[in-house]
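Good morning, and thank you for joining.

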Amino acid sequence: MTFNILISDPLSEDGIYPLRQAEGMNIVIETGWSPEDLANRISEFDALLVRSQTQVTAEIIAKATNLKIIGRAGVGVDNIDLTAATEHGIIVVNAPDGNTNSAAEHTMAMLMSLARKIPQAFHALKNNEWDRKKYVGVELKNKTLGVIGLGRIGAEVAARAQGQRMNVIAYDPFLTAEKALKMGIDFGSVEDVLRKADFITVHTPLMKETKHLINAEAFRLMKDGVQIINCARGGIIDEEALYDAIVSKKVDGAALDVFEQEPAVNHKLLTLAEVIATPHLGASTIEAQESVAIDVSQDVVNFLNGGVVRNPVNLPSVSKEVMLKIEPYFNLSEKLGAFLMGLTDEVIREVNIYYSGDLAGFEVSPLTRNTLKGMLKRHLGEHVNEVNAKFFADRIGIQVNEHKSTASKGFTNLLTVEVTTESGTRRVAGTLLNGLGARIVKVDNYIVDVVPEGHIVFIKHKDQPGAIGRVGTLLAKENINIATMQVGRSTLGGDAIMMLTIDKHIEPNEIERLKELEDIYDVTAIGL
Ligand SMILES: NC(=O)c1ccc[n+]([C@@H]2O[C@H](COP(=O)([O-])OP(=O)(O)OC[C@H]3O[C@@H](n4cnc5c(N)ncnc54)[C@H](O)[C@@H]3O)[C@@H](O)[C@H]2O)c1
Ligand SMILES: O=C(O)[C@H](O)COP(=O)(O)O
C-alpha cells in the first residue's frame, strides 16, 4: 500500500527520516501553496505535514477526502481547524516537546535584548551612530518577571529567569500552590501578575479564551514602564492596545516574535523604536526543527501503519503501556456497539459502558470511542471512525457514560454496553476468552456464548416445544446453514431467545417469514 504524504511547510530533512525509511510513503515536499491550490490538490494526499504557515482551514479539510492525519511539526495548532478535522475523522498530531528549549531560550534572548536595548543600539551602530546615553537599559536582577501560562515553555522561562536572579510570579489555571512552592516562584491571578510584574511574558496557546488576553484594560492594571514579551502567539496581545500603551509611555518596550497576521511586514508596531522583533523564530534552531520533524514523522508513520500515535491533539493521549493492554479489546468493543445498534430500532438517548475487571484500572476512552464507532457506523456509514465517533455522538445528543468496577463478574474483563431508548434499555456484554478470542456472553438478561462475527440472527420467541425446530426447518428450506445456535429462556414456558450464526446473508423476506412462524415474537438480523 502506498500513502501520499504532503509536506507543505519547510521541515528539517534530517528530521523526516522516519518517513523516508518507512515503506510505501510517497513524499511530496512543496511549500508556498495558495489556499485555492491546496484545496484543489489536497484530496490526493493521505497525510499532511505542516508548521505554522499553512492554514489548514475547514474549506481545505472539506476537500481532503483521503486525508487521514495532519501532523504539526511544532506546538501551536491554531492554524488547523481542529473541529473540522475531528468532524471529518482526521487525526491531528503535534510535536509538543521538541521546541520547548529553543522557544524558552529565544524568550530569554528577547528579554535580555529588550532590557538592554541591544537591537536598537546595534542598529544605530551599524549606521555609524555611537550613542552611549540613548541606550541605557535596566538590570533584570531583583526585577519581577510575570509569566502568564506556566506550561512547558513558561516553566523553562521561569527557571532561566531565576538564574538571572529575577523574582517570578506566574498565573496558569493548572498552577497549584505546591508546584509554585517547589519552583520557588510566586503565583496569583492574572490581575496579580499584571499589577506586580516589571516584565510580562505570555506562554499560553492562542484560543478563543486567550485571544486579546492582554488588552487595553490589562495594560491599565500594569506598572508604569512595564516591558512586554510575546514569543507565544500573535493575538494573545491586542496589538492596537499595545501600540497605544507604548505611545502613551505606559509600556517602556515590547519584544515580539509573533504577530496577529504573519508575515508581519509594514506593521504599525514595527515603526516604534521601543519595539524589537523577530520573524517567528522561537522554534527556528537546528535542534528544535530536527526534533519536531522526527516526532511528527514518526507519529504519521505509526498511524498510517495502524499503530499508536504519541501526541494526538484531537484525541486524548494514552500511554503505550495502557494501549498495549486495551488494544486487544478494540475489535470487541466495536462489535458490541454494532451488535447492540442492530438490535435497537429506536432513537438512542444514552449509552452506558461498563468496564469490569482489570480493564477498570486503565484509561478506556479509546474503547468507548470504538464502541461508539461500531454503533454509529450502522446509520452514519463508513466515515465514522475513532476520531469523530464521540463528536457525532455529542452532535446527535447521545449522552455517553463510562462506568468502571474492578469486580470481575466471572471474567477477567467484561465490557457491557447498554443503550437507553424511549421504551427502555438493551444491553450486550462481551469478553476476550483466553486463547479463544472475542465472545458475546450476555444479551439483555440471557447468557450466551457467541463469536461476534459474520451473520447473526437474534430471535425472541415463546419457550414452547417446536419453536426451535420450525426456525431450523424454514432456514433449511431457504438453504441457509446454521453454524451455531444458542438458546436461553427467562422462565420455563416464558420469554426465550435464539441466537444463530448463519453462513450467509439472510434476505428481508426470509426474516419476515421467520416472524410469521408460530411462537416467534421478533427476528433481527445483524451483520458484524
Ligand atoms: N514562537 C515560537 O516559535 C513558539 C514555539 C513554541 C511554542 N510557541 C507557542 O507557545 C505556546 C505554549 O507552548 P507550550 O509548549 O508551553 O504549551 P503548553 O501546553 O505546555 O503550555 C501552555 C500553558 O498555558 C496555560 N494556559 C491556557 N490558558 C491559559 C490562560 N487563559 N491563562 C494562563 N495560562 C493559560 C495552560 O494551562 C498550559 O499550562 C504554544 O501554544 C505555541 O503557540 C511558540
Ligand atoms: O507553535 C510552535 O511550535 C511555534 O510557533 C513554531 O512554529 P513554526 O513551526 O512555524 O516555527
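Predicted model: local features only at pLDDT ≥ 70, side-chain atom pairs only at ≥ 80, totals over all residues.

Residues are numbered from 1 along each chain as its sequence is written, while chains are lettered from A and ligands numbered from 1 in the order in which they are written.

The protein chain is assigned domain 1 (3-96 + 287-304), domain 2 (100-277), domain 3 (317-451) and domain 4 (454-528); such bounds come from an automatic or database domain assignment. Between the C-alpha centres of domain 1 and domain 2 there are 31 Å. Five residues from domain 1 and five residues from domain 2 make the contact, where contact requires C-beta atoms, placed from the backbone, to lie within 7 Å. On the side of domain 1 that touches domain 2, two residues are nonpolar, one is polar and two are charged. In these classes, Ala, Val, Leu, Ile, Met, Phe, Trp, Tyr, Cys and Pro count as nonpolar, Asp, Glu, Lys and Arg as charged, and the others, Gly among them, as polar.

Where does ligand 1 lie? Domain 1 and domain 2 both contribute residues to its shell, so ligand 1 lies between them. The ligand is surrounded by 32 residues, and the closest are Gly76, Gly149, Gly151, Pro205 and Gly282; a residue is near if its C-beta atom, placed from the backbone, lies within 6 Å. Helices (H or I, at least four residues) and strands (E, at least two) are DSSP runs, numbered from the N terminus. By class, the shell holds 16 nonpolar, 11 polar and five charged residues.

I turn now to the sheet. Six strands form an open sheet with mixed pairing, in the order β14-β13-β15-β16-β17-β18; strands pair if DSSP finds at least two bridges between them. Its edge strands are β14 (399-405) and β18 (446-450). Strands β16 (424-433) and β17 (437-443) pair in the antiparallel sense over six bridges, and Leu432 stands opposite Ala438 in β17. Helix α14 (330-343) packs on the sheet, touching β15 (413-421), β16 and β17. Helix α15 (365-380) also packs on the sheet, touching β13 (348-357), β14 and β15.

Key:
Contact = placed C-beta atoms within 7 Å. Axes fitted to C-alpha atoms, helices over the stretch in contact; angles between N-to-C directions.
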